[in-house]
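This briefing walks through a structure one topic at a time, beginning with the place where two chains meet. Please keep the sequence and the 3D view open beside the text as you read.

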Amino acid sequence: MLRGADRARWLPSSQTAATLAIVIFCGGLVLYPLVYLVMESLNTGEPDVFPPGEYGVNNYLDLIDDWHILANTAFVACFATAMAVAIGFLAAWTLTRTQVPFRAQLERLMELPYYMTPLVGALAWSILAAPHNGFVNQLWHVTGATGDLVDIYSPFGIAWVMALFEGTVAFVMISAAMKSMDPALEEGARVLGAGKWRTMLTVTLPLVMPGVLGATVFVFAEMLGSFAAAFVLGLPARYVVVTTALWEAVQSFPPDYPRAAAMGIALFAVMFGTLSLYRWMVRQGNFATITGKAFRPRRMAMGRLAWVLFAGCIAYVVVAVVLPLSALLLTSFQRFATVILSQSELTLANYRTALGFGAVRSALTNSLILGIGVATVGVAIMTVLVWIIYRSRAPGHSLVEYVVMFPQAVPRMVFGLALLWAWLNIPIPIYGTLWLLALAYFTVLLPLGVRTLAGVVLQIDKSLEECARVCGASWFYQLRTVTMPLLRPGIAAAWLLVFIASVRELGVSIFLVSPNAKVIAPSIISSWLSSSSELSAALALIQTAAVFVALIVLLRATRRYSGELP
Amino acid sequence: MSEARIEIDNLVVRYGDVPAVKGVSLVVGQGEHVTLLGPSGCGKTTTLRAIAGLEEPSGGTIRIAGTTVYSAAERRNVPAEKRGVSMVFQSYAVWPHMSVFDNVAYGLRVRHLPREEIQREVDRALDLVQMRNFATRSAALLSGGQQQRVALARAVAFSPTVLLFDEPLSNLDAKLRAEMRVELRDLQRRLGVTSVYVTHDQEEALAISDRVVVMNVGGIEQIGTPEDIYNRPKTRFVADFVGSANLIAGKLRDGASGPGPVGFDAGGGITLHAWAAHAPRGGEDHVAIRTAYIEMAAGAPNGRANVIAGTVRQRLFSGDFIQYIVDWPAGRLTVRRPPTEMFDEGAAITVSFAPEHCVLLEN
């Protein structure tokens, strides 16, 4: 019996120790590189010397001279955010508030763009709508017209592609807000004599406004840190935004690290501020009318308009997924990309290169190894983290949550740069190896994995575990027979999501790859730079295929589980 | 009461710095069915969870069947799985990834019983709750009432020494709740197992318990049989929370010694013949009269004790009873009468009640 007493005293302290260790480890992983980056951004002496010989704020002052880069960034981000939120709002309203045909299927389809990466989308849209030889312009010329119908290499093109892929994020966030609104609030307006449109304008819109604003701020923050679209579509026309300027500063010879660091820190500061604003808005009482409870919304009959809304949703999926993938597919089987099939030379050479050529093949294998490795080891650690955050009573468990979620506020590019600079200057020889990439992936994917697992842990009623203890099960027996089986679907989901995110990772990878450690997304970029859109298309499709295979497994796994739990 | 099964002495449980249970002492006898009753946040569930070993107290002792399972002084805290108690949870906690049979067999398997015995005991438990036909069904496919029965079968299958219930009926609809109440009482009598039951539903508590423990803000207000609690509430809280009662403010007449009959000056110059269950201390300023114990009659007072004139202010017909609001010298009185006794609003009447139903409350 005394054993029980001893354990009761021993447990909290070991939990505290574990919590402390994890805070230090994760905090180190996240904050240490950023400290290096801040120091470098203040370096006004020799750019390559670390620690810096002289400190100053000149690098930041220089940013003011680059005001056009900041203006470009702000313009693209605002324009893209407006489009994305418009797409998201219309789609969310259509799918949660109207009787649109095939609603359930549409809802699934609307999530697809999320799994296309902006890089793949940007490549595809440059194939589709580049000046001169984009497919659209090729067809335009066939009709005998001169000049170009569309030019994707423009600020509007960049914003268009970014909006297509963030639109689905806005959709998910806004429809969550709409689903959690009590339909009685709308019915009240109808009963008092307001028509459909009046109800939407006077009740629905004001009530979901906080949700829409939240989505706007969140999407804007994402837009600020996004790189791929601006890179693929902006550089040909020399339209530079902060992320691409940062990349160019590192790629220039000699690399201008202090300038890149200053830009990175500035971008981080803006994004951190924006996300803090988002968190503050979410916490405000604005959501008082929107309870945590999910309601079954009553949907309005729209008559013939329903088919217009249906067509709108389909059109979105077509331009965001179907059209890009078709263009890539067609291109990847051709020697020279063309949409005029009579001129087309079909070939498998691009896939042969992708799967056979040493450098490219090793990038594919490395990506798979990293995806599987990071998902397996990472999710195991994340499970422990989630348990500490949500189940333990050890002091400081809320600090753990903050530390774990912190990477979300750091733009990937900036974090990649910080890691590059930190590990160049730390005498542990993992720079240029897959180990560094694995560490980086684990850190930036922490929020994703933890959030997914937390969703499942929070759904498991605590008394399911307690009941096992009361029935006489030891802690280990309880874990084996109750906790783990209940967590399994969540662990599977987290594994697959982390795998997907690793395979498509670009922002961090682009600074950390080396000749001995290549991964797929940066390889697509370099093949694009060597102006082979055909090989890039093949690589992008292989990456997308890996993601979609994982996605199908994920849907299967979660559906089987939800079938068990009505 | 026969030999003690659970002894709780001066139990204190804190959440951080907030005490949830402040020095609760309680003894439950062998085979006794005791209910902890109180509003949410009164510490009843915390007390129950401390008995189960799911909450670590910070002071006091808990003994189950003669064994100390928690003692602050000895720094002893036996983990939940070693206490031999069983519990039915508010959310049922039926494991969705197992069949009904596996759920019920869990406690038996943990104890490494032979296969045939597990089969026999599970069958017996499922028979008790009339769920034997569902044994192979996945637990995720059960309705709320069925989950409730499975949770009950699982709790009794391994013949625990003590059975704990944490508001087991609160998630059922009213009709099913009334049915399960009857079944629970029946089951509890047949098994003869010692049980502690937590609820905030006073009707449920009165109906199924041998003794009721009324709790409020972390402490015990009164312990007694259901009749005791109803007829002789000790405090304003008990009188108000259990059943419906009129609380009448006033002043205890001097010279009262007790327990026994006492005089009580209510407002409006009337003196009530009241009853003290305790030796009055002198400062008592409230009596309680159950709304159902007040009689009404037409006409004027006849001069007997506790017969007082009044006027019907309002009549609310509720089906099983009629509720009258009566103006009387000491203010307003709520009276419940059977639907056969009709008085018109505005009618002059007398109200009367026996002295032992006019209970002096402790301060």
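Across the interface of chain A and chain B, two salt bridges are found. The model is a predicted one, and the points below should be read with that in mind. Side chains of opposite charge can pair when their charged atoms come close.

**Where chain A meets chain B**

- One salt bridge joins the side chains of A:Arg469 and B:Glu81, with a distance of 3.1 Å from N to O.
- On the side of chain A that touches chain B, the elements that give two or more residues are α1 (2-41), α20 (462-470) and α21 (475-503) of chain A.
- The residues on that side of chain A divide into 16 nonpolar, six polar and eight charged.
- The contact draws 30 residues from chain A and 33 residues from chain B, and between the two chains there are eight residue pairs in polar contact, with both residues at pLDDT 80 or more.
- The size of an interface is often given as the accessible area lost when the parts come together; between chain A and chain B the buried area is about 2,700 Å², and carbon and sulfur atoms give 62% of that area.

**Helix α19 of chain A**

- Helix α19 of chain A covers residues 434-459, and its 26 residues should span 38 Å at 1.5 Å a residue, which agrees with the 36 Å that separates its end C-alpha atoms.

**Salt bridges over all chains**

- A search of the whole structure finds 26 salt bridges over all chains.
- One salt bridge is formed by A:Arg238 and A:Glu248, whose closest N and O atoms are 2.9 Å apart.
- Because A:Arg238 lies in the loop between α11 (228-234) and α12 (242-251) of chain A, while A:Glu248 lies in helix α12 of chain A, the pair ties together parts that are 10 residues apart in sequence.

**Backbone exceptions**

- Most residues other than glycine have a negative phi, and most peptide bonds are trans.
- The peptide bond from A:Phe253 to A:Pro254 is cis, with omega near -10°, and A:Pro254 lies in the loop between α12 and α13 (257-283) of chain A.
- B:Asn10, which lies in strand β1 (residues 4-15) of chain B, has a positive phi of about 50° although it is not a glycine.

**The surroundings of B:Phe237**

- B:Phe237 is found in helix α8 (residues 236-241) of chain B.
- Leaving aside its neighbours within four places in sequence, B:Phe237 is in contact with B:Pro39, B:Val214, B:Met215, B:Asn216 and B:Glu221.
- B:Phe237 and B:Ala174 are 63 residues apart in sequence, and their C-alpha atoms are 25 Å apart in space.

Definitions and conventions
Residues are numbered from 1 along each chain as its sequence is written. Chains are lettered from A and ligands numbered from 1 in the order in which they are written. This is a predicted model: local features need pLDDT of at least 70, side-chain atom pairs count only at pLDDT 80 or more; totals for chains, interfaces and linings use all residues. Side-chain values use heavy atoms; hydrogens and water are left out. Contact means heavy atoms within 4.5 Å. Buried area is the accessible area (1.4 Å probe) that two parts lose on being put together, summed over both. A salt bridge is a side-chain nitrogen of Lys or Arg within 4 Å of a carboxyl oxygen of Asp or Glu. A polar contact is a pair of N or O atoms within 3.5 Å; within protein, one must be able to donate a hydrogen and the other to accept it, and residues adjacent in sequence count only if both atoms are side-chain atoms. Helices (H or I, at least four residues) and strands (E, at least two) are DSSP runs, numbered from the N terminus. Ala, Val, Leu, Ile, Met, Phe, Trp, Tyr, Cys and Pro count as nonpolar, Asp, Glu, Lys and Arg as charged, and the others, Gly among them, as polar. The expected span of a helix is 1.5 Å times one less than its number of residues.
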